[in-house]
Amino acid sequence: MSDEEKPGQPEPPAASEAPKAPEAAPKAASSPDPTASPAPAAPAAPKPPAPKPAVPPAPKKWEPTGEVVVTPVTEKLAARFGDAVQGVKSPCGEAIVLVKKEKLGEALAFLKSDADCAFDFLSNLTAAHYPVNDKKFEVVYDCYSVAKRHAVRVKVALDDGEPCPSAVPIWPTANWQEREAHDMYGIVFEGHPNLKVILLPEVWDGHPLRKEYPLGGPKEAAIRADKFAKPGYMPDDLEAAERIAEEGRRDH
Amino acid sequence: MTTELREAAGTSPLRKALETTTMELNFGPQHPATHGVYRAVLQLDGERVVGIESIIGYLHRGIEKWVEYRTYTKATPIFDRLDYVGAILNCHGYVGTVEKLMKIEVPKRAQYIRVVLDELQRIANHLLWLGTHALDLGAMTVLFYGLREREVIMDLFEAMVGQRLLQNAYPIGGVRLDFPRGWERACRNFMAELPHRLDEYETLLSSNRMWLQRTKGIGVISGAEAVALGLSGPTLRGSGVYFDVRKCIPYGSYEDFDFEVPLGENGDVYDRYIVRVREMRQSLRILQQALDGMPEGPLMPEKLSKIIRPPAGEVYFSVEGAKGQLGYYLVSDGTDKPWKCHVRSPSFINLQGLEKMVVGGLVADVVANIGSLDIVLGEVDR
């Protein structure tokens, strides 16, 4: 299923980012340019009042504030994996490390098995989408040790469509959480025993928590993009709205 | 039927000679014992469960997406809709996350008021759970009694914050209002009465032979398995693992109070039941100490801007929800709207443990196991 969705997926960002590209271009030098060039061709083809999906404001590049927190665990990780592990700034004093994808499986297994770390409890697993970053996705592991009572957050940055090694062999609790991240962001977890939809319907277009996915889905976004529509507006002519939505979906 | 008999039935030569096949049984989504729209596809070998597939998502409302389009303040009430029988705890988790991210110092009195409301909510949740769990197993009386006591708590909430079920109790930074006049006395009256009521429920259940037969030795999960599966809350503590966020990662002045963390021994349905009943008694202890030692002072921090704009960065904060560790992962990009919000909902993750509990057991015990997990589908699907 994910294979069928992937070819369709890269198009919406191109179309939706197109009007905002001039603003974002000076800040994020390299990444938006290749996506921006095919974009003007896409809106030119349909007729002028083609509804555009309502997208959130153009994402700007931002950096986390605060300081990098060093704990015995992060020191140990740094000693073991060298520059594959990098500290991340935290505004509220949490230990966060960014691990290179090649070393991720090894690092997570190390965190679980090492006697000083002993992270037996994967508290939380989720993903995040940063369209402006070089690597657009992040998978986040919040590890906690029930025995030692300490915590660390491990993150890994991924490109769109780049598979992430599954944490299920290390922590079985990752099973459903990875399925959820797959639903919401389209991240593929390699080695997952049963990577299929969990929260969404079995047939669902797109990945709702990606930033280019409009609130309410493409259909509602198309209705709202109708020039007579205001937020919260319910069209009198439902048939026309359906037609606009259909067109919007086709463009999308 | 004892465990030995069950095992014997599974391996009898007669059964093998008959070449039985498995049967698929659809359980839910419209079934009273699933506590919401939860569907399980069971593989049955006679009466024995050999496989289960959980199908969820019927109640998925996309709350995490919705929040990205709202300011931090406006996003607060939606989290009550996750676990709608433990709404105050959800609210505490969210505002606590924003407070941690912004390093807001919540005044001591506000923290104590939060503890009082949190523990009342925990008791209310456990009372409703006790009633519905008993109802699932055929004991109807407990539900009516449990709802009677819960009603008192709902009235207390109504007097305190104006709402009974989805209270939107806390603003970011503290609490809105102090206890109204007479509230504390009403609360103390309730606290004086509840231990006797709990004794009554325990006489109905804890030594009831039918109850013991339906719960003892059913759905056993070991401590190591439970930790690996990420279970938390009373479900994990029923397996004898000491992990309570209030004790292990203290927040909101919980380190001031003297209370015990009840632990089970066998990790069966009975242990998960008895842990929750004991937890209600411990919540009463916390309530007593919080009301006795209630400090004076302001309810909101002095310097708090009207527009909540946390520094850019990420935060993970968890509270001990009624169901387990209730965590919030927030990413702020420095604006007044969250970049990302993820809820680590204990019901969702505890439900993963169901497979381990029911496989190998009888089909009638599936209901007992789902009940013992204390799931709310609003929180499972978000």
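B:Glu119 touches B:Arg246, B:Tyr254, B:Ser283, B:Ile286 and B:Leu287, leaving aside residues up to four places away in sequence. This residue of the predicted model has its place in helix α6 of chain B. B:Glu119 is buried, its relative accessible area being 0%.

- Helix α6 of chain B spans residues 108-136.
- Two packed helices are described by the angle between their axes and the distance between the axes.
- One partner of α6(B) is helix α13 of chain B, residues 269-292; the two pack at an angle of about 155 degrees, with their axes 9 Å apart.
- Angles over 145 degrees count as roughly antiparallel, and α6(B) and α13(B) are therefore roughly antiparallel to each other.
- The crossing in which α6(B) passes α13(B) is left-handed.
- The contact of α6(B) with α13(B) comprises 17 nonpolar, three polar and five charged residues.
- The axes of α6(B) and α16(B) also come within 9 Å, and they cross at roughly 175 degrees.
- That angle makes α6(B) roughly antiparallel to α16(B).
- On the α6(B) side, B:Trp129, B:His133 and B:Asp136 meet B:Val367, B:Ala368, B:Gly371 and B:Ser372 of α16(B).
- Sorted by class, the residues of the contact between α6(B) and α16(B) are three nonpolar, three polar and one charged.

**Helix α16 of chain B**

- Helix α16 of chain B covers residues 364-373 and is mostly covered, since nine of its 10 residues are buried.
- The buried residues of α16(B) are B:Asp365, B:Val366, B:Val367, B:Ala368, B:Asn369, B:Ile370, B:Gly371, B:Ser372 and B:Leu373.
- After α16(B) comes B:Asp374, which has a positive phi, near 55 degrees.

**The pair α7 and α8 of chain B**

- Helix α7 (residues 141-161) and helix α8 (residues 183-205) of chain B pack at an angle of about 165 degrees, and their axes are 11 Å apart.
- With that angle, α7(B) and α8(B) are therefore roughly antiparallel to each other.
- α7(B) and α8(B) form a left-handed crossing.
- Residues of α7(B) in this contact include B:Val142, B:Tyr145, B:Arg148, B:Glu149, B:Ile153 and B:Leu156, while those of α8(B) include B:Trp183, B:Phe190, B:Glu193, B:Arg197 and B:Tyr201.
- In total, the contact of α7(B) with α8(B) has 15 nonpolar, one polar and five charged residues.

**Nonpolar cores**

- Which residues touch the most other members of the largest nonpolar core? Among its 153 residues, they are A:Leu111, A:Tyr141, A:Val154, B:Phe79, B:Tyr94 and B:Leu120.
- Helix α6 of chain B gives the most to this core, contributing 13 residues.
- Apart from this core lies another one of nine residues, among them A:Tyr130, A:Val140, B:Ala312 and B:Tyr329.
- Leaving aside residues up to four places away in sequence, A:Val154 touches A:Val97, A:Val99, A:Leu104, A:Leu108, A:Leu111, A:Val139, A:Val140, A:Tyr141 and A:Cys143.

**Chain A as a whole**

- Chain A contains 10 helices and nine strands.
- Of its 252 residues, 46% count as buried.
- Among the contacts in chain A with a separation of 6 or more, 56% are between residues 24 or more positions apart.

**Positive phi angles in chain B**

- B:Asn168 has a phi near 50 degrees, a positive value in a residue other than glycine.
- B:Asn168 is found in the loop between α7 and α8 of chain B.
- B:Arg382 is buried, with a relative accessible area of 2%.

How values were computed
Residues are numbered from 1 along each chain as its sequence is written. Chains are lettered from A and ligands numbered from 1 in the order in which they are written. This is a predicted model: local features need pLDDT of at least 70, side-chain atom pairs count only at pLDDT 80 or more; totals for chains, interfaces and linings use all residues. Side-chain values use heavy atoms; hydrogens and water are left out. A nonpolar core is a set of buried Ala, Val, Leu, Ile, Met, Phe, Trp, Tyr and Cys residues joined through side-chain atoms within 4.5 Å. Buried means under 20% relative accessible area, exposed over 50%, partly exposed in between (1.4 Å probe, protein chains only). Helices (H or I, at least four residues) and strands (E, at least two) are DSSP runs, numbered from the N terminus. Contact means heavy atoms within 4.5 Å. Axes are lines fitted to C-alpha atoms, for helices over the stretch in contact, and angles run from 0 to 180 degrees between N-to-C directions. Angles under 35 degrees count as roughly parallel, over 145 as roughly antiparallel, 65 to 115 as roughly perpendicular and the rest as oblique. A crossing is left-handed if the near helix is turned anticlockwise from the far one by less than a right angle, and right-handed if clockwise. Ala, Val, Leu, Ile, Met, Phe, Trp, Tyr, Cys and Pro count as nonpolar, Asp, Glu, Lys and Arg as charged, and the others, Gly among them, as polar.
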